[in-house]
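User: I'm new to this one. Please walk me through it with questions and answers.

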Number of protein chains: 4
Amino acid sequence: MEKKRVAILGSSGMIGQRFAHMLHMHPYFEVTAYCASDRSEGKTLANLWKLFDIDMDEDLGKSKIQTTDPKALAKEGVEIVFSGLPSEVAGPLEDACADEGMAVFSNASSHRMDIDTPILVPEINPDHLASIEAQRLRRKKGGYIVTNANCSVTGLALGLKPIVDAFRFTEVYVTTYQALSGAGYPGVPSIDILSNVLPYIKNEEEKMSSEGKKVLGGFSNGRFGDSPISIEASCARVGTRDGHLEAVFIKDRSMPTAEKIAKAFSSFRGRPQELELPSAPIQPIIVREEPDRPQPILDCDAGMPERAKGMAISIGRIRVNNDRLRFLLLVHNTVRGGAGGSVLNAELAFREGLI
Amino acid sequence: MEKKRVAILGSSGMIGQRFAHMLHMHPYFEVTAYCASDRSEGKTLANLWKLFDIDMDEDLGKSKIQTTDPKALAKEGVEIVFSGLPSEVAGPLEDACADEGMAVFSNASSHRMDIDTPILVPEINPDHLASIEAQRLRRKKGGYIVTNANCSVTGLALGLKPIVDAFRFTEVYVTTYQALSGAGYPGVPSIDILSNVLPYIKNEEEKMSSEGKKVLGGFSNGRFGDSPISIEASCARVGTRDGHLEAVFIKDRSMPTAEKIAKAFSSFRGRPQELELPSAPIQPIIVREEPDRPQPILDCDAGMPERAKGMAISIGRIRVNNDRLRFLLLVHNTVRGGAGGSVLNAELAFREGLI
Amino acid sequence: MEKKRVAILGSSGMIGQRFAHMLHMHPYFEVTAYCASDRSEGKTLANLWKLFDIDMDEDLGKSKIQTTDPKALAKEGVEIVFSGLPSEVAGPLEDACADEGMAVFSNASSHRMDIDTPILVPEINPDHLASIEAQRLRRKKGGYIVTNANCSVTGLALGLKPIVDAFRFTEVYVTTYQALSGAGYPGVPSIDILSNVLPYIKNEEEKMSSEGKKVLGGFSNGRFGDSPISIEASCARVGTRDGHLEAVFIKDRSMPTAEKIAKAFSSFRGRPQELELPSAPIQPIIVREEPDRPQPILDCDAGMPERAKGMAISIGRIRVNNDRLRFLLLVHNTVRGGAGGSVLNAELAFREGLI
Amino acid sequence: MEKKRVAILGSSGMIGQRFAHMLHMHPYFEVTAYCASDRSEGKTLANLWKLFDIDMDEDLGKSKIQTTDPKALAKEGVEIVFSGLPSEVAGPLEDACADEGMAVFSNASSHRMDIDTPILVPEINPDHLASIEAQRLRRKKGGYIVTNANCSVTGLALGLKPIVDAFRFTEVYVTTYQALSGAGYPGVPSIDILSNVLPYIKNEEEKMSSEGKKVLGGFSNGRFGDSPISIEASCARVGTRDGHLEAVFIKDRSMPTAEKIAKAFSSFRGRPQELELPSAPIQPIIVREEPDRPQPILDCDAGMPERAKGMAISIGRIRVNNDRLRFLLLVHNTVRGGAGGSVLNAELAFREGLI
């Protein structure tokens with residue numbers, strides 16, 4: 001099988017480099033263009049590497065950065081674009097790529113709430129892919145944009161999916177302990193976070209509610225319909241490198257036992273597991289039995305096989321108290337909640353014949 | 001006025017040293033005995049000082065540590081005992097002191113849930129002091145024990161008091177970001193918390209519920225009655241030195257505006273303010289208008305005048321969304337939520353003629 | 001006595017704010033203008049406050065920021081300017097102020113190596129003040145610039161002065177553990193320093209050598225003469241908020257005992273102590289006997305009286321091994337090694353009749 | 001080839017677990033006994049796992065801990081013992097194992113300075129292995145002890161070896177930035193190191209001098225002879241997880257160019273490279289050209305192939321200034337400077353026919 005030609009936008013940033021790392025030696029895709037702004041042109045990935053926890057592959061490091069030119073990419077035969085662009089600039093550039101006929105898989109928030117663009121989390125809403133039909137019609141050359149959800153939303157929605165389906169919960173309260181890598185680079189000044197918590201992340205709480213309702217909602221008759229779930233979030237940044245931890249409360253008239261809930265989590269499987277997508281974790285939700293897990297440094301990279309490291313979420317401390325449920329959830333914010341989300345989206349689209 | 005003679009138990013620990021610092025040059029009290037275990041006997045406070053944010057007074061530093069001998073303390077004319085003992089050893093030692101006729105103000109959890117012992121937060125439940133009558137009867141010499149609430153509970157209860165009274169809320173969800181000093185010394189190993197969050201603090205969530213219900217409840221006919229409030233907590237340790245941050249959610253059938261709630265907080269005053277107790281903050285709840293406050297390093301020491309630094313709590317990000325209320329609350333865990341709580345309790349007892 | 005009218009340049013930054021804090025209620029000086037770039041005009045100091053360890057005075061916080069206009073300052077009767085400007089912009093603005101007749105006390109490096117500008121550390125080289133005569137001549141209106149040394153140099157030079165004088169050492173090796181506040185704001189990205197050391201600070205090692213030689217050198221016949229001392233430095237940034245720690249090695253043919261060296265440190269006094277300048281620490285070098293001191297969080301604020309907190313350096317672990325001497329030295333980088341250095345310089349100049 | 005049967009002492013600690021990880025699937029050795037104190041008996045490695053940066057192999061995690069019984073180990077056919085014991089208990093237990101005829105490879109300091117026990121760093125002093133002959137004679141059954149050097153010494157000695165040989169340097173000054181993992185578990189309390197540096201590590205500076213002189217010295221006529229090198233060290237703990245950074249100064253009458261020194265480093269090879277030992281890094285010293293390297297989080301795991309990760313040291317910022325040389329050196333303190341050192345020692349002994 002010939003691999004699909006792929007470009008990465010935003011290759012100088014942390015998400016772009018996660019894409020580069022995850023797509024290196026990928027069975028379906030081959031990166032033929034590492035794009036970034038003019039400022040980085042001609043530099044190598046090694047020059048700009050920011051992923052401290054990853055041993056950069058030496059060959060990968062030699063890859064040269066080029067400027068971002070959608071028309072040129074299309075001409076070079078690029079069919080797929082992964083966008084790790086900051087949201088301030090992502091909107092028009094991603095549109096330009098889609099208008100040139102390419103399939104764009106984006107981590108940026110710019111297009112997430114568009115009426116014909118899915119926020120895809122393949123275990124949750126693979127049927128939302130159907131929404132791109134409308135996009136392909138309005139864009140002349142068959143291209144489209146698929147987004148992944150915000151990092152915190154991805155973790156929460158994965159954790160809610162099995163139990164919302166099984167037990168019809170609607171009332172959710174969630175508090176986050178978000179990692180520094182979520183703010184990109186340079187991100188948070190060290191002097192602001194040393195021995196501190198920053199209890200505000202712009203727009204994050206709103207996204208958790210609106211994106212959560214879209215991701216967990218339906219798509220029928222060409223329209224997205226919000227989930228009836230209500231998500232009330234309180235978000236804060238703490239001094240961790242990777243891994244968003246979320247404390248979740250759920251209230252309902254009655255509540256199943258903690259054992260039943262744990263079972264719903266650990267037995268959960270979705271379309272990516274069915275298709276055995278390369279980046280799909282065999283078990284998307286790992287349930288921890290220890291009293292003090294999950295922890296960012298211990299559980300951030302959960303997921304098997306090797307290619308799916310960081311693609312599983314971890315859930316622990318499942319406690320039921322009368323009509324209330326509490327648990328803690330951990331998601332790798334730049335893998336499952338970032339670049340990895342879009343890689344899995346592209347793998348699904350590819351296998352569903354949409355590329 | 002002659003000052004009352006005072007002893008501090010647990011002087012080698014962080015809470016004991018907070019007591020020493022807060023009682024230094026106190027207008028009502030004079031510390032005449034710094035007690036600790038035999039291991040520390042003969043050392044000076046300076047030898048054992050652990051409060052890195054405080055310039056230890058030089059004279060105070062020269063104070064010698066003596067062993068803990070309740071009978072000897074009573075003989076030396078000590079009338080008041082402040083206990084910063086770890087809960088494992090506090091119970092019997094505090095009983096012994098009370099049985100010798102001394103008034104014991106304790107930060108330990110050992111006696112908090114006793115049926116004739118108050119968990120006193122003077123702005124909230126000054127009437128609970130009446131419960132010591134039963135204690136004085138059963139103890140032969142008129143002594144008694146008064147406890148302060150757990151650090152996280154103190155902050156939460158203070159934040160709930162004005163709005164629970166005004167709006168009759170009953171359903172509370174709270175998530176904590178707790179500081180390292182809350183674990184005492186040596187406390188949390190550095191290697192466990194570096195770039196990490198520890199999502200478990202033994203018994204803390206249970207205390208938030210049970211102590212919260214007692215503190216906010218009533219005392220009549222010689223019995224404590226639980227508040228109808230339900231508190232569902234999720235507690236975690238983060239890498240901050242001082243200051244517990246708490247994210248609070250409240251749900252009710254209807255919800256007043258954020259402005260009304262802010263006003264209820266900032267206009268709140270209690271018995272300590274009425275009596276102008278030395279360690280009482282003029283304004284017990286400071287409302288922050290900035291989008292990103294309160295923060296541990298910025299707001300931990302809130303409270304005026306000088307003697308009341310760390311005795312006010314800070315509340316910010318008050319958000320109302322239909323029938324739900326969210327806000328963030330910060331309490332200095334070893335001052336208002338620790339030693340300072342008991343100092344204020346003793347000041348109240350003294351002014352109410354109970355010493 | 002009427003206080004001298006004073007302006008602060010760079011009031012939006014950390015050093016500017018240290019100036020504001022240290023000059024508040026100063027016995028000689030009164031700040032009448034808080035200047036910064038146009039971007040901050042009209043904001044208050046409270047809006048921009050970045051000194052987390054300092055309770056900002058409420059009145060001070062209300063001070064309005066104005067733009068930086070040397071001519072206007074001179075017209076308003078400002079006689080003294082404190083410059084906390086970044087070195088990229090300090091040079092010409094400071095010159096403009098001096099040319100308008102004002103005495104400029106600068107923390108910036110721009111003019112430090114000028115041939116008629118002193119790097120003044122009043123305990124070390126008060127005679128270097130004579131160098132401003134040449135400046136006053138070339139500038140038309142009698143103004144001049146006096147600089148303080150780089151933060152690391154200030155600490156090192158103070159630590160070397162008594163023993164270089166007493167024992168004629170010339171060979172020095174020094175390694176630094178420098179605090180985050182030394183990089184200004186936003187400074188070091190949190191993701192770069194979390195669980196890390198950054199072993200490079202641009203130009204810092206060169207400054208330690210060149211500024212050190214000038215500070216410890218002489219001034220005679222209108223010329224600066226370098227000290228024969230050689231300083232070989234290795235500088236790194238670590239994850240501390242305030243306080244540069246320096247490990248010093250000295251080699252010589254023979255070496256006095258550790259006791260003699262400790263005595264030279266602790267008995268050291270200079271011109272500021274003689275004149276009892278307001279910001280002068282009674283004892284400029286505190287010798288610590290404990291095996292594990294000085295430490296940044298414990299010793300950073302050394303210095304008495306209150307106004308001199310952070311103005312003394314601390315030295316500990318003095319070890320002599322044959323012909324080699326080792327010790328550790330701690331200096332508060334933004335107080336003694338920053339704004340406080342220039343405040344002391346201005347106090348000296350004022351008392352020497354140069355303002 | 002049948003693998004040699006191996007036991008690990010101290011399996012509940014961080015060094016013991018590094019041994020377990022590095023010996024898993026080892027081509028020469030097979031761990032048949034994981035020993036620890038009675039307190040841990042019956043637990044699994046997974047229960048006690050403390051190496052946060054390592055994905056524990058699932059099968060390995062199931063290994064059961066047994067008590068430490070030298071006679072029983074010998075009976076079970078164990079020929080090699082790796083000791084990760086704390087130095088307080090290592091001495092007699094290691095002796096007992098050697099006396100039972102086993103070859104003991106120890107990370108503890110207890111026997112390092114013994115007159116017939118080598119401190120082996122295979123790239124530096126493979127000839128020191130000859131010293132075990134005397135041990136085998138005095139112990140009845142042919143067993144012996146070989147130690148690895150202290151973590152900081154290992155890095156320094158590797159960095160000195162090529163240039164001391166080439167240029168006959170003798171005068172060395174070194175300052176360390178040591179990681180938290182070097183203190184074991186629980187190690188340093190978080191409250192002591194948060195935003196701080198601890199400028200004292202018990203006995204560390206003395207070890208750097210005495211062990212360094214032994215490691216770099218000779219062995220002839222059955223006796224160790226100290227190297228003429230003098231090492232003056234200043235050691236401190238900083239808030240990093242892994243990787244000791246060392247700032248090195250060298251003084252000599254004349255000094256080669258930085259290029260020549262860099263070349264001496266990068267071309268250095270030793271006996272392990274010659275024998276292609278499994279844990280030997282192809283290149284033991286990696287020279288970094290960037291101005292700000294090595295850094296603990298980026299360079300700690302240097303070394304190829306996979307099995308040698310963390311076994312190479314990194315050197316950067318090589319600066320020559322007249323007769324003085326400065327550079328920075330990074331060593332993984334628990335791999336090359338700990339368990340990995342002893343694994344390499346055992347591989348060498350095995351290949352030299354001593355097991």
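User: What radius of gyration does chain A have, next to that of a compact globule?

Analyst: First, a heads-up: this is a predicted model, where local features need pLDDT of at least 70, side-chain atom pairs count only at pLDDT 80 or more, and totals for chains, interfaces and linings use all residues. Residues are numbered from 1 along each chain as its sequence is written, while chains are lettered from A and ligands numbered from 1 in the order in which they are written. The radius is taken over C-alpha atoms, and the globule rule is 2.2 Å times the number of residues to the power 0.38. For 355 residues a compact globule would come out near 20 Å, which agrees with chain A's 19 Å.

User: What box do the C-alpha atoms of chain A fill, and what share of its residues is buried?

Analyst: Taken along the principal axes, the C-alpha atoms fill a box of roughly 60 × 50 × 35 Å. A residue counts as buried if 20 or more other C-beta atoms lie within 10 Å of its own, exposed if 12 or fewer, and partly exposed in between, with C-beta atoms placed from the backbone. Of the 355 residues of chain A, the buried share is 57%.

User: How many helices and strands does chain A have?

Analyst: Both are DSSP runs numbered from the N terminus: helices are H or I with at least four residues, strands are E with at least two. Chain A's count is 13 helices and 14 strands.

User: How much of the contact in chain A is between residues 24 or more positions apart?

Analyst: Two residues are in contact if their C-beta atoms, placed from the backbone, lie within 7 Å. Among the contacts in chain A with a separation of 6 or more, the share from residues 24 or more positions apart is 75%.

User: What is the strand order in the open sheet of 6 strands?

Analyst: Two strands pair if DSSP finds at least two bridges between them. The pairing in this chain A sheet is mixed, and the order is β10-β7-β11-β14-β13-β12. Each edge strand pairs on one side only, and these edges are β10 and β12 (285-288) of chain A.

User: Is β7(A) largely enclosed or open, and how many of its residues are buried?

Analyst: This strand is largely enclosed by the rest of the structure.

User: Which classes make up the side of chain A that touches chain B?

Analyst: Here 29 residues of chain A are in contact with 29 of chain B, and the elements supplying at least two residues each include β7 (171-177) and β13 (313-321) of chain A. Ala, Val, Leu, Ile, Met, Phe, Trp, Tyr, Cys and Pro count as nonpolar, Asp, Glu, Lys and Arg as charged, and the others, Gly among them, as polar. The side divides into 15 nonpolar, 8 polar and 6 charged.

User: What kind of axis relates chains A and D, and which C-alpha of chain A is nearest to it?

Analyst: A rotation of 180° with 0.0 Å of shift superposes chain A on chain D at RMSD 0.0 Å, using least squares on C-alpha atoms of residues with pLDDT of at least 70 in both. The copies are thus related as by a two-fold rotation axis. In chain A, the C-alpha nearest that axis, 3.7 Å away, belongs to A:Ser195.

User: How many residues of helix α1 of chain B are buried?

Analyst: Among the buried ones are B:Phe19 and B:Leu23, and the buried residues pack against elements including β1 (4-9) and α13 (335-351) of chain B. The helix (residues 14-23) is largely enclosed by the rest of the structure, because the buried count is 9 of 10.
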